[in-house]
Amino acid sequence: MKDDLHQYLRIARQNMVWKLDGLTEYQKRRPMTPTGTNLLGMIKHLAIVEYGYFGLTFGREFPPRFAELEASATARLNADMWATADESSESIVALYREAWTYADKTIDSHDLDTVGRVLHWPVEKQEVTLHRVLVHMCIETNRHAGHADILRELIDNSVGLRLGNENMADGDAAWWAQYRAELETVAREADPSSSGNMTD
């Protein structure tokens, strides 16, 4: 079971990094939602989260780089969700890959029933097993991978589940345009009150 969970986490990590391929620095950092969600920021967030859940939770010593990031993230609200102009995308991706190595050592060296403590969770939920943390990180990383799918499509129309497997219907640009138009028509037919609210 541990190997299966670990493999799902590894796949999700790679999917996150893949979503940056071919983008400019601006596109990687561009806030795409009213709450500022951006691709590079999610990578930074996941790096910090992996260090925390697979480090502090199980009493491991933090690398100095993580300690600095953790301090900056707590000094300013939401600082872990975006990269500063001084933080290159290469350094953020490298940080994420370092977090993988760090986390994998915890995963590989402990049984699933190893107990740790998540100190920022409610007291009654702080005691956790490695199994619980691994499931949590699989879910969190895949959740952000879904966010990344949508952001990347909004940026440059690129789509796909993972490298080498888009997992999309086999249609060309004209087919997708017609498909989207059909869905727009159906949505408006289902809600006649929307007919006067054309936005595109």
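**Labels and their grounds**

Biologist: H144 lies in helix α6. Why is H144 called buried?

Modeller: The term buried stands for under 20% relative accessible area, exposed for over 50%, and partly exposed for what falls in between (1.4 Å probe, protein chains only). H144 has 6% relative accessibility and therefore counts as buried. Please note that the model is predicted: local features need pLDDT of at least 70, side-chain atom pairs count only at pLDDT 80 or more, and totals for chains, interfaces and linings use all residues. Residues are numbered from 1 along each chain as its sequence is written, and side-chain values use heavy atoms, with hydrogens and water left out.

Biologist: Which residues are in contact with H144, leaving aside its neighbours within four places in sequence?

Modeller: They are M16, M42, H45 and L46, where contact requires heavy atoms within 4.5 Å.

Biologist: How do you know that the span of helix α1 agrees with its number of residues?

Modeller: The expected span is 1.5 Å times one less than the number of residues. For α1 (residues 2-18), with 17 residues, that gives 24 Å, and the end C-alpha atoms are 24 Å apart, so the two agree. Helix α6, with 27 residues, reaches 38 Å from its first C-alpha to its last, close to the expected 39 Å. Helix α5 has 21 residues and reaches 31 Å, close to the expected 30 Å.

Biologist: Why are α1 and α5 called roughly antiparallel?

Modeller: Axes are lines fitted to C-alpha atoms, for helices over the stretch in contact, and angles between N-to-C directions run from 0 to 180 degrees. Angles under 35 degrees count as roughly parallel, over 145 as roughly antiparallel, 65 to 115 as roughly perpendicular and the rest as oblique. The angle between α1 and α5 is about 180°, with the axes 12 Å apart. The pair is therefore roughly antiparallel. On the α1 side the contact includes L9, R13 and V17, and on the α5 side it includes Y96, W100 and D104. Its residues divide into 8 nonpolar, 2 polar and 6 charged; here Ala, Val, Leu, Ile, Met, Phe, Trp, Tyr, Cys and Pro count as nonpolar, Asp, Glu, Lys and Arg as charged, and the others, Gly among them, as polar.

Biologist: Against which helices do the buried residues of α1 pack?

Modeller: They pack against α3, α5 (89-109) and α6. Among the buried residues of α1 are L5, H6, L9, M16 and W18. Those of α5 include I92, V93, Y96, W100 and I107.

Biologist: What makes α3 and α6 roughly antiparallel to each other?

Modeller: Helix α3 (residues 39-54) and helix α6 (residues 130-156) pack at about 175°, with their axes 10 Å apart. That angle makes them roughly antiparallel. By class, their contact has 13 nonpolar, 5 polar and 3 charged residues.

Biologist: K44 is found in helix α3. Is K44 buried or exposed, and how do you know?

Modeller: Its relative accessible area is 4%, so K44 is buried. Beyond residues up to four places away in sequence, K44 touches L69, A79, D80, W82, A83, E87 and I92. The C-alpha atoms of K44 and L69 are separated by 9.4 Å, although the two residues are 25 apart along the chain.

Biologist: What sets the phi of N78 and N157 apart?

Modeller: Most residues other than glycine have a negative phi. N78 is not a glycine, and yet its phi is positive, at about 70°. N157 likewise is not a glycine and has a positive phi of about 70°. N78 sits in the loop between α4 (64-75) and α5, and N157 in the loop between α6 and α7 (173-190).

Biologist: Why is N78 called partly exposed, and why is N157 called exposed?

Modeller: N78 has a relative accessible area of 42% and is therefore partly exposed. N157, at 64% relative accessibility, counts as exposed.

Terms used:
Helix = DSSP H or I, 4+ residues; strand = E, 2+ residues; numbered from the N terminus.
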